[in-house]
Structures are given as C-alpha cells and as structure tokens.
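Biologist: Hi, could you walk me through this one? I'd like to go through it piece by piece.

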Amino acid sequence: MTTPLLKLDGINKSFGPVDVLHDISLEVHAGEVLCLLGDNGAGKSTLIRILSGVHQPTRGTMMMNGQPVAFTSPRVASDHGISTVHQFGGTFPLMSIGRSFFVGAEPTKRFGPFEVFDRKTANEIAVREMRELGITRIDDGNRLVGGLSGGERQALAIARAVHFGASVLILDEPTAALGVKEAAHVLRIVLQARKKGIAVIFITHNVTHAMTVGDHFAVLIRGAKAADFRKGEKTREEITDLMAGGEAMAELEAEIEGYMATHDGHPPPVAAA
Ligand SMILES: Nc1ncnc2c1ncn2[C@@H]1O[C@H](COP(=O)(O)OP(=O)(O)OP(=O)(O)O)[C@@H](O)[C@H]1O
C-alpha cells in the first residue's frame, strides 16, 4: 500500500471542558475520494477547521506523505496544498468570474509605468479551468459570480483550488444546497478532481451522493469515528442506519419497546413518544 497523502492519527479536540473530537484516525490517498459522513453536530466542521489550520488539535498527529505536519495557521495548511471549498463556493457575488478566480493572486500586465490587473488573461484562464472540469456553458469570464448557479459557483471554487495546486481538496457539503441536476454536475467535478490525482475529502449528509463518488467512507457520530469502510463493503441501508438518523430511530424504537414492556403491550400516547 502506498503512503497516504494525508493521515490523521488519534486527533482529539476540546474547547475548554467540551470534548468535540475523540481519537479520529483517518487517511486519504492521492486520487481517492474520502467521504466524511455525519449528522448535525457530529464534529465535521471542527475536523475541517483542524485540517485547514483554523484550529489546532488538542492531541494527535497529522502527516503528509509520511512526514509529520502541524497546520499552525490556514496559511501553513494552504502551503501544504490543503484547499477547502465551502458550501456556497466562498466566492464574491459582485466580482467577475476572472477576478474572483484570481483574488489575491492577480495576473498583471504593464500599462505605461503601471502594473495593472490583466483581465483578459484572468478571464481566459478561469474559463479554461472551468471547462477542464466539464463546465462548458461559461465562456465569458466578465460575467458576475452572483449570476452563476450554485453548482457553477462550486465549480469555480474547485477549479480555482485545482489551478493553485491543491493536493488535498476538502469539499464542505458541496451538494447540500443544490437541486438534483446541479448536484450531479458537482459530483462529476469531484470525479474529475480525483482523476487529476487530488485527494478529495467530501463532507456530506447525503448517503446517495457519497456512494456515487466515494472510494472510502468514515462516519462521525458525536465526535467519534463510528465506522470506516471502503466502497462496496456496506449497503446504502447500513450506511444510513449508521448515521444519526438510524441512531435516533433505534433510540426511539427502544423507548417505545420499553414503554410497551411496562404497559401491557400498549404503545405510548403520542405526547410520551
Ligand atoms: N468553539 C466551540 N466551543 C464549544 N463547543 C463547540 C465549539 N465548536 C463546536 N463545538 C461543538 O462541537 C460539536 C460539533 O460541532 P461541529 O460544528 O464540528 O459539527 P458538524 O458536524 O459540523 O455539524 P453541522 O453539520 O451542524 O455543521 C457541537 O456540539 C458543537 O456545539
């Protein structure tokens, strides 16, 4: 087996007295999609923040390509090729596609004695990189980001990460706010990124979306890793059961059974259930 591109070993995170993550060990290889599944409050955002250098773990180690790393700031994580794309793409609605693609790293050209933003080059590169990921409807980098669909915004943010050399792409609920077609588009882009050899960490609640693109899955429940398995090792029902929905239903069933056992087999009145 090759060395994982990114490996977490026994990561714990506490905020004061509150323990949020417990002994999380995970690994992701280049050209692989790791799906991180978990219900609200499972600890996904906290883990993303640790991976992207916003928070430091309380305990545990991280390695990249077999070497220990400490992401002491978002800048350090980014210098290691970690790139995080948030649900709405994190782009700026009033900026053009080209400008938003290069924000903070604008290409320039000389205009007399001045260095000015090279809009034409920025637009060309942005449109080309989106096309590379299969977004062919956009041919004008002057268009405002605010006019793009949710899926196109995700595509723009992913294309940007790929262009600037991401080796680990963290996608935080990229399909959560999208319709079926748009989500399918984004899932296709995830597979394109994987094909380019990027290690993708795909965070989602959606088991169907995870199963469409995932090679490897981890389920977080209340800050702990409840399961870790590879594609084909579990059915959709088993995964759904593992997630909080299944857990909540099991708790409810146990409660109802407990009530019936002590009430002559009668189910609880609605308010007690
Ligand atoms: N700074 C903090 N201080 C104390 N508790 C925190 C802090 N940040 C997160 N938590 C707690 O840690 C738990 C996990 O939160 P987190 O936001 O990581 O979950 P999540 O899986 O991303 O949920 P969601 O899908 O709702 O965003 C929650 O119970 C939350 O209240």
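Biologist: What do the buried residues of α6 pack against?
Modeller: In this predicted model, they pack against β3 (33–38), α5 (150–163), β9 (168–172), β10 (199–204) and α7 (207–213).

Biologist: And which residues of α6 are buried?
Modeller: Those are Ala183, His185, Val186, Leu187, Ile189, Val190 and Ala193.

Biologist: How many residues does helix α6 have, and how far does it reach?
Modeller: Helix α6 covers residues 180–195, which is 16 residues. From its first C-alpha to its last it reaches 23 Å, close to the 22 Å expected at 1.5 Å a residue.

Biologist: What follows α6?
Modeller: Glycine 197 does, and its phi is positive, near 90 degrees.

Biologist: Let's move to the core. Which residues touch the most other members of the largest nonpolar core?
Modeller: That core has 69 residues, and the ones with the most contacts to other members are Ile158, Val168, Leu169, Val190, Val200 and Phe202. Val190 is also one of the buried residues of α6.

Biologist: What is leucine 169 in contact with, leaving aside its neighbours within four places in sequence?
Modeller: Leucine 169 contacts Ser83, Val85, Ile158, Ala161, Ala193, Ile198 and Val200.

Biologist: Now the ligand. Which residues are around the ligand?
Modeller: Phe15, Val18, Val20, Gly38, Asn40, Gly41, Ala42, Gly43, Lys44, Ser45 and Thr46. The largest share, three residues, comes from α1.

Biologist: How does the shell split by class?
Modeller: There are four nonpolar, six polar and one charged residues in the shell.

Biologist: Where is glycine 41 found?
Modeller: Glycine 41 sits in the loop between β3 and α1. In space it is 9.5 Å from leucine 220, C-alpha to C-alpha, although the two are 179 residues apart in sequence.

Biologist: Why does glycine 41 count as partly exposed?
Modeller: Because it has 14 other C-beta atoms within 10 Å, and partly exposed means between the 12 or fewer of an exposed residue and the 20 or more of a buried one.

Biologist: Changing topic, what is phi of aspartate 23?
Modeller: Phi is near 45 degrees there, a positive value in a residue other than glycine. Aspartate 23 lies in strand β2.

Biologist: And what about phi of arginine 222?
Modeller: Phi of arginine 222 is near 45 degrees too, and this residue is in the loop between β11 (216–221) and β12 (224–230).

Biologist: Last one: what is the mean pLDDT of the protein chain?
Modeller: The mean is 86, with 89% of residues at 70 or more. For the complex, the predictor gives an ipTM of 0.94 and a pTM of 0.84.

Conventions. Residues are numbered from 1 along each chain as its sequence is written. This is a predicted model: local features need pLDDT of at least 70, side-chain atom pairs count only at pLDDT 80 or more; totals for chains, interfaces and linings use all residues. A residue is near a molecule or strand if its C-beta atom, placed from the backbone, lies within 6 Å of it. Helices (H or I, at least four residues) and strands (E, at least two) are DSSP runs, numbered from the N terminus. Ala, Val, Leu, Ile, Met, Phe, Trp, Tyr, Cys and Pro count as nonpolar, Asp, Glu, Lys and Arg as charged, and the others, Gly among them, as polar. A nonpolar core is a set of buried Ala, Val, Leu, Ile, Met, Phe, Trp, Tyr and Cys residues joined through C-beta atoms within 7 Å. Two residues are in contact if their C-beta atoms, placed from the backbone, lie within 7 Å. The expected span of a helix is 1.5 Å times one less than its number of residues. pLDDT is the predictor's confidence in each residue, from 0 to 100.
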